Amino acid sequence: MVLLILGVIWAVYGFTWWRARDEVRPGRSVVSFNQHLHALGRTMGAAPIERSAPLRSVGAPLPVSSAAARRRRRDVLFGLVAAAGATLLLALAAGGTFVALHLLVDLALTGYVALLVRARRIAEERRAKVVLLPMHVEDHEQYALSRSGS
């Protein structure tokens, strides 16, 4: 029974690892970069390409899209829920150390859910506080003229 549960846990972990590995395959990014570079060369001719963003230093974190962050949070939450369920079954079947392990996983799950709730509250608070100021057309034209140096 215990081996079956461990096998299911490893299968779920292996599937999520395989799925994540497919999304971040370095060969695909190189091919994609080459395709984009080729398309730029066709459209821009021999004109030099300006850099619109500063170069990142080595080891700096990559910018993460909100969809990727949401997917990562969901995967972590499902992983913790699966671990809590598996350790509950192990605690009921074997007892002993697995009870303490189950309590530890429950504590981690509770803490993670509390952090998610806190992050959502902060995001909602930011959305509520940000107010776009109305801009008149004349002000916008004056701003555009002052930015262009005219």
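A crossing of two helices is left-handed if the near helix is turned anticlockwise from the far one by less than a right angle. The exercises below use this term on a predicted model.

**Exercise 1. Overall make-up**

State how many helices and strands the protein chain has, and what share of its residues is buried.

Solution. 
- The protein chain has five helices and zero strands.
- From the N terminus on, the order of elements reads α-α-α-α-α.
- Of the 150 residues in the protein chain, 9% are buried.
- Take contacts between residues at least 6 apart in sequence: 55% of them join residues at least 24 apart.

**Exercise 2. Helix H4**

Compare the span of helix H4 with its expected span, then find its buried residues and their packing partner.

Solution. 
- H4 covers residues 97-129, which is 33 residues.
- From first C-alpha to last, H4 reaches 48 Å, close to the 48 Å expected at 1.5 Å a residue.
- His-102, Val-105, Leu-109 and Tyr-112 are the buried residues of H4.
- An α-helix has 3.6 residues a turn, so residues three or four places apart point the same way.
- The buried residues of H4 pack against helix H3 (66-93).

**Exercise 3. Packing of H3 and H4**

Determine how H3 and H4 are oriented, and which residue classes make their contact.

Solution. 
- Two packed helices are described by the angle between their axes and the distance between the axes.
- For H3 and H4 the angle is about 155°, and the axes lie 9 Å apart.
- Angles over 145 degrees count as roughly antiparallel, and H3 and H4 are therefore roughly antiparallel to each other.
- The handedness of the H3 and H4 crossing is left-handed.
- H3 contributes residues including Arg-73, Leu-80 and Leu-88, while Phe-98, Asp-106 and Leu-116 are among those from H4.
- By class, the contact of H3 with H4 holds 18 nonpolar, two polar and two charged residues.

**Exercise 4. Two residues of the contact**

Solution. 
- His-102 lies in H4.
- Leu-77 is in H3.
- Leu-77 and Tyr-112 are 35 residues apart along the chain, with 7.6 Å between their C-alpha atoms.

Conventions:
Residues are numbered from 1 along each chain as its sequence is written. This is a predicted model: local features need pLDDT of at least 70, side-chain atom pairs count only at pLDDT 80 or more; totals for chains, interfaces and linings use all residues. Side-chain values use heavy atoms; hydrogens and water are left out. Helices (H or I, at least four residues) and strands (E, at least two) are DSSP runs, numbered from the N terminus. The expected span of a helix is 1.5 Å times one less than its number of residues. Buried means under 20% relative accessible area, exposed over 50%, partly exposed in between (1.4 Å probe, protein chains only). Contact means heavy atoms within 4.5 Å. Axes are lines fitted to C-alpha atoms, for helices over the stretch in contact, and angles run from 0 to 180 degrees between N-to-C directions. Angles under 35 degrees count as roughly parallel, over 145 as roughly antiparallel, 65 to 115 as roughly perpendicular and the rest as oblique. Ala, Val, Leu, Ile, Met, Phe, Trp, Tyr, Cys and Pro count as nonpolar, Asp, Glu, Lys and Arg as charged, and the others, Gly among them, as polar.
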